[in-house]
Amino acid sequence: MKITPNYERAAAYDGSFERLPAGGYVCKIMKAWCETTNNGSEQLVLALEIAEGNYAGFIKKQYDGKKSSNPSAAWPCIFKQFALGTDGQTNPFFKGMIKSIEESNTGYVWNWQEATLANKMIGMIFREEEFEAQDGSIKTTVRPAFPRSVQRIRNGVEVPEIRRLNKPTSYANSMQNAGFTPVDDEGFPF
């Protein structure tokens, strides 16, 4: 076997990884920016890091691991919130997130400048969510889902139920979901 390039300095990975448990965490906003979706909706995006407790620094550790093998890796903990609701008015969830940030940072008042959110604190409830892997299997991940004030997180929050995919698990289920009724074909002569 030929010696592979950079072997001595290459990171060693055995396939195992530590996973963030679902629950409430005190987070630091590393960066904030606005994005416009394909349909023209504006959303505020927060890059988060766990700031307190046993998992403080967890996201940066994940990021550094990904960055070592993929220099263009993105920050792995992002929370997005639409500014407007479907009625064209302020989204109540957006306002709730902003209020959580204001309550968590003494003296801070939202000024519509997303850059001012960098280094601010926010409480966040993370939940487990299902997703479909490239091979079609169902996997789970843990993502930020519900902003809260830091104090509410410190007081304790209930861990939310897993967010399941709404995907039929079999051909029979997909046919039932399409409105077809299964028939017992045991008695048919053909």
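User: Buried means under 20% relative accessible area, exposed means over 50%, and partly exposed lies in between (1.4 Å probe, protein chains only). What percentage of the 190 residues in the chain is buried?
Analyst: Happy to start there. This is a predicted model, in which local features need pLDDT of at least 70 and side-chain atom pairs count only at pLDDT 80 or more, while totals for chains, interfaces and linings use all residues. Residues are numbered from 1 along each chain as its sequence is written, and side-chain values use heavy atoms, leaving out hydrogens and water. Of the 190 residues in the chain, the buried share is 27%.

User: Among contacts between residues at least 6 apart in sequence, what percentage joins residues at least 24 apart?
Analyst: A contact here means heavy atoms within 4.5 Å. Taking the chain's contacts between residues at least 6 apart in sequence, the share joining residues at least 24 apart is 55%.

User: Let's look at Gln81. Which residues does Gln81 contact, leaving aside neighbours within four places in sequence?
Analyst: Gln81 lies in strand β3 and is buried, with a relative accessible area of 12%. With neighbours within four places in sequence set aside, its contacts are Gln43, Leu44, Asn91, Phe93, Phe94 and Met97.

User: Gln43 is on that list. How far apart are the C-alpha atoms of Gln43 and Phe94?
Analyst: Gln43 sits in strand β2, residues 42–50, and counts as buried because its relative accessibility is 9%. Leaving aside neighbours within four places in sequence, Gln43 touches Trp33, Cys34, Glu35, Thr37, Lys80, Gln81, Phe82 and Ala83. Gln43 and Phe94 are 51 residues apart in sequence, yet their C-alpha separation is 8.9 Å.

User: Now for the cysteines. How many disulfides does the count give?
Analyst: A disulfide is a covalent bond between the sulfur atoms of two cysteines. The rule used here asks for a pair of cysteine sulfur atoms within 2.5 Å. By this rule, the number of disulfides is zero.

User: Which cysteine has the sulfur nearest to that of Cys77?
Analyst: Cys77 is in no disulfide, with the nearest cysteine sulfur 6.1 Å away. Cys77 is also buried, as its relative accessible area is 3%. That nearest sulfur belongs to Cys27.

User: Is Cys34 buried, partly exposed or exposed?
Analyst: Cys34 is one of the contacts of Gln43. Because Cys34 has a relative accessibility of 35%, it counts as partly exposed.

User: Where is Trp112 found?
Analyst: Phi of Trp112 is near 65 degrees, a positive value in a residue other than glycine. Trp112 counts as exposed because its relative accessibility is 57%. It is found in the loop between α2 and β4 (121–132).

User: What is phi of Asn119 near?
Analyst: Asn119 has its place in the loop between α2 and β4. Its phi is positive, in a residue other than glycine, and is near 75 degrees.

Key: Helices (H or I, at least four residues) and strands (E, at least two) are DSSP runs, numbered from the N terminus.
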